Amino acid sequence: MRVLAAMSGGVDSSVAAARAVAAGHDVVGVHLALSRDPQTLRNGARGCCSLEDSADARRVCDKLGIPFYVWDFSERFRTEVIEDFVASYQVGETPNPCLRCNERIKFEALLDRGIALGYDAVVTGHYARLGEDGLLRRAVDMNKDQSYVLGVLNREQIDHSMFPLGDTTKPDIRLEAQAAGLNTASKPDSHDICFIPDGNTQAFLGARIGRRPGTLVDHNTGETLGEHDGVDAFTIGQRKGIGLPNPRRDGKPRYVTGLDAETGTVKVGTIEDLDITQITADRLVWIGGQQPADGEQFSCQVQVRAHGEAIDATAQISSDGGESATVQIVLERPFRGVAPGQAAVLYQPDADGDIVLGSGTIIATGR
C-alpha cells in the first residue's frame with residue numbers, strides 16, 4: 001500500500017515508519033507544521049512540533065530511504081484545536097486538545113489530503129492495535145495505551161489507519177530504534193499541551209479570555225466564600241490555588257466541584273462531592289461493530305481520562321430522531337472529578353484486548 005507516515009520527530013513515529021517500510025509498503029514521511037513560529041513549541045520535554053522535531057524526522061526518513069515533506073496545517077490547527085480549546089474553557093468545560101488534534105488534524109486533515117493524493121492509509125506511532133476484524137483495541141503496553149485518544153475517530157478514519165506499535169512495549173521500541181540506528185532512539189517523550197510549552201495553562205487562557213470575576217460558593221449550602229478572577233482559571237477536581245484563605249470548619253480540604261461560566265460561579269466542596277455515577281455525552285462516534293438500537297441498554301466499560309481506569313457501566317443511546325445521538329451512562333461505582341468537555345470512551349472487555357466501542361463528549365454528570 002501507499003502510506004503516509006505521520007512523523008512527529010519522536011521515537012514512536014520513527015519506529016512506526018520503519019516498520020511500515022519493513023512490511024513492504026510504499027512509505028512517505030510527513031511532518032505536520034502546526035505553528036507559524038515552530039521554535040516556540042518545545043521547552044525541554046514539553047511540547048512538540050518544533051524545528052528540532054522537524055529536523056529529527058527528516059534525518060529518520062533519510063536513514064530509512066523514504067521521501068520527506070513538511071505540510072503546513074498551522075492555520076487549521078489554530079482554528080480547530082487552539083481556538084476550540086479556548087472556547088471550551090470560556091463556557092466552563094475541560095477539553096482535551098490532544099483528542100481534538102487527533103480527530104481534526106492528524107487524521108481528518110492529513111488523511112483527507114493523503115487520499116486526495118492517492119495514498120491508502122496513514123501510519124502513526126500511537127500505542128493501539130487494529131485486528132484483522134478492523135476493531136480498535138488497547139495496546140499490549142497498558143502504561144502507554146493510547147486507544148482512549150483514538151476513540152474519537154470515526155469508522156472511515158480507522159479503516160485508513162495503521163498503528164504498528166500496539167503489540168510492543170515502549171522500552172522495546174527504544175531498543176528497536178537504537179538497533180536500527182535511528183537518531184530519535186533516546187529522545188525524551190513530549191508531554192503537556194504542545195501549544196503551551198511552559199505548562200502555564202492559566203496564563204495562556206488569561207491572555208486570551210481576559211478577567212471575568214465571579215464568586216466562590218459552598219457546594220452544599222450555596223454560601224458565598226470568596227471571589228475569583230475567572231472561571232477559566234479552575235478545573236473540576238482542583239485542590240490547590242482556589243484562593244480561599246481559610247480551611248473548612250471541619251478541617252477538610254476544599255476542591256472545585258462545579259463551574260458555571262454564565263454566572264461566574266465556582267462551587268467548592270469536599271472530595272466526596274466530586275463523586276458522580278451518571279454521565280451524559282453527545283457527539284457520539286461508534287466504531288465497535290453494530291451500534292445498539294435506540295433505547296437498548298448494553299454493558300460496557302467507560303474511561304474518561306487518557307490514562308485513567310475504566311469502570312463497568314450500563315449505557316443507552318438516544319438519537320431522538322435527529323442526526324446527533326447522545327449516550328446515557330450509569331456507572332457501577334463512582335468516578336471522581338469528571339468535567340463537561342472530557343471524552344467518555346466506551347470499551348468492551350475482550351480476551352484479545354479491550355475493544356473500543358465508541359466515544360462521546362461529556363455534557364452533564366449526576367449522582
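Helix H7 (residues 170-179) buries Lys170, Ile173 and Ala177. These three cover an arc of only 50° around the axis, which puts them on the same side of H7. This is a predicted model: local features need pLDDT of at least 70, side-chain atom pairs count only at pLDDT 80 or more, and totals for chains, interfaces and linings use all residues. Residues are numbered from 1 along each chain as its sequence is written, and side-chain values use heavy atoms, with hydrogens and water left out.

**Terms**
- Buried means under 20% relative accessible area, exposed over 50%, and partly exposed in between (1.4 Å probe, protein chains only).
- Helices (H or I, at least four residues) and strands (E, at least two) are DSSP runs, numbered from the N terminus.
- The arc is taken over the directions from the helix axis to the C-beta atoms.

**Helix H7**
- Pro171, Leu175, Gln178 and Ala179 are exposed, on the face turned away from the buried side of H7.
- Helix H1 (11-22) is included in what covers the buried residues of H7.
- Glycine 181 follows H7, with a positive phi near 75°.

**Helix H8**
- Phe204, Leu205 and Ile209 are buried in H8 (residues 201-209).
- They cover an arc of only 110° around the axis, which puts them on the same side of H8.
- The buried residues of H8 pack against helix H3 (74-90).

**Glutamine 342**
- Glutamine 342 lies in the loop between strand E17 (326-336) and strand E18 (343-348).
- Its relative accessibility is 10%, so glutamine 342 counts as buried.
- Contacts (heavy atoms within 4.5 Å) of glutamine 342 include Thr94, Val304 and Arg305, not counting residues up to four places away in sequence.
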